[in-house]
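Here is a short tour of one model, meant to be read with the structure open beside you.

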Amino acid sequence: MSPFTQSLIFAFAAASANVIGGVIVTSHKWARKSLQYFIALGSGFMLGTVFVEMIPESFALTRSAPALVLLGYFIVHMFEHSALVGMLVHTFFDGVAIGAGFIISPSVGLLIFLAVFLHKIPDGFTISSIVVSSGQSSSRALAAATALGVSTLIGVVVVHVAGEGVNYALPISTGSTLYVAATDLMPEVNREKGVKMAVVVFAGMGLFLLVRLAAHF
């Protein structure tokens with residue numbers, strides 16, 4: 001199976017999680033509290049992926065990696081202040097990260113996919129909640145969540161079309177992933193009192209290390 005096919009399959013799974021997040025809002029089946037555990041687990045897994053896998057791989061690809069990581073961080077920051085546009089940008093880079101990972105190796109691609117997947121349901125939930133709270137219909141809320149998924153698939157296609165651009169795509173998407181984990185997700189975790197969520201964050205890091213070990217074998 002080619003890296004492009006692998007990327008598309010896993011990106012589609014990640015994109016589907018965005019839609020699931022939207023369905024949760026429109027059907028009122030899950031409470032937001034349940035999603036806090038996804039956020040905490042995802043933030044730990046993402047931080048592990050960024051610092052242990054994505055940054056070393058980025059530095060191996062190009063000497064410009066530090067500047068490109070910073071660029072990726074600030075690209076998402078620049079667009080974050082417009083909810084839907086900001087989330088479309090960061091889900092686009094989710095797809096870029098998955099595609100770049102599978103170009104490098106199946107194990108790197110799998111780890112990045114899992115890091116992305118764990119925050120996809122909360123992403124879909126968040127954008128759908130914003131749409132519903134602004135007085136728009138459930139169908140529009142679900143459409144917004146679906147748009148996030150489509151943006152991820154576009155990111156995969158773009159990075160594969162770019163070919164050698166993976167040398168730049170991975171560091172930039174590393175900065176984007178770092179922003180989502182450290183600036184978007186961790187503050188949500190820190191709003192919860194007590195140590196329960198902190199333990200779940202560490203569990204996310206532990207899960208990353210276990211999956212990384214399994215993937216390399």
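Predicted model: local features only at pLDDT ≥ 70, side-chain atom pairs only at ≥ 80, totals over all residues.

Is glutamine 6 buried or exposed? Its relative accessibility is 16%, and because buried means under 20%, glutamine 6 counts as buried. Setting aside residues up to four places away in sequence, glutamine 6 touches Met1, Phe102 and Pro106.

Serine 129 belongs to helix 5, residues 106–133. The C-alpha atoms of serine 129 and glycine 21 are 9.5 Å apart, although 108 residues separate the two along the chain.

The table puts the two accessibility values together.

| Residue | Relative accessibility | Class |
|---|---|---|
| Glutamine 6 | 16% | buried |
| Serine 129 | 24% | partly exposed |

Now for the nonpolar cores. The largest one holds 42 residues, and Ala40, Phe45, Met46, Met54, Ile98, Ile112 and Val189 have the most contacts inside it. At least two residues of this core come from each of helix 1, helix 2 (32–61), helix 4 (83–104), helix 5, helix 6 (138–162), helix 7 (166–190) and helix 8 (196–216). Which helix gives the most to this core? Helix 7 does, with 10 residues.

Apart from its neighbours within four places in sequence, methionine 54 is in contact with Thr49, Ala97, Ile112, Leu170, Ser173, Thr174 and Thr177. There is also a second, separate core of seven residues, including Met87, Val131, Ala144 and Ala145.

Notes. Residues numbered from 1 in each chain as written. Heavy atoms only, no water. Buried < 20%, exposed > 50% of the residue type's maximum accessible area, 1.4 Å probe, protein only. Contact = heavy atoms within 4.5 Å. Helix = DSSP H or I, 4+ residues; strand = E, 2+ residues; numbered from the N terminus. Core = buried A, V, L, I, M, F, W, Y, C linked by side-chain atoms within 4.5 Å.
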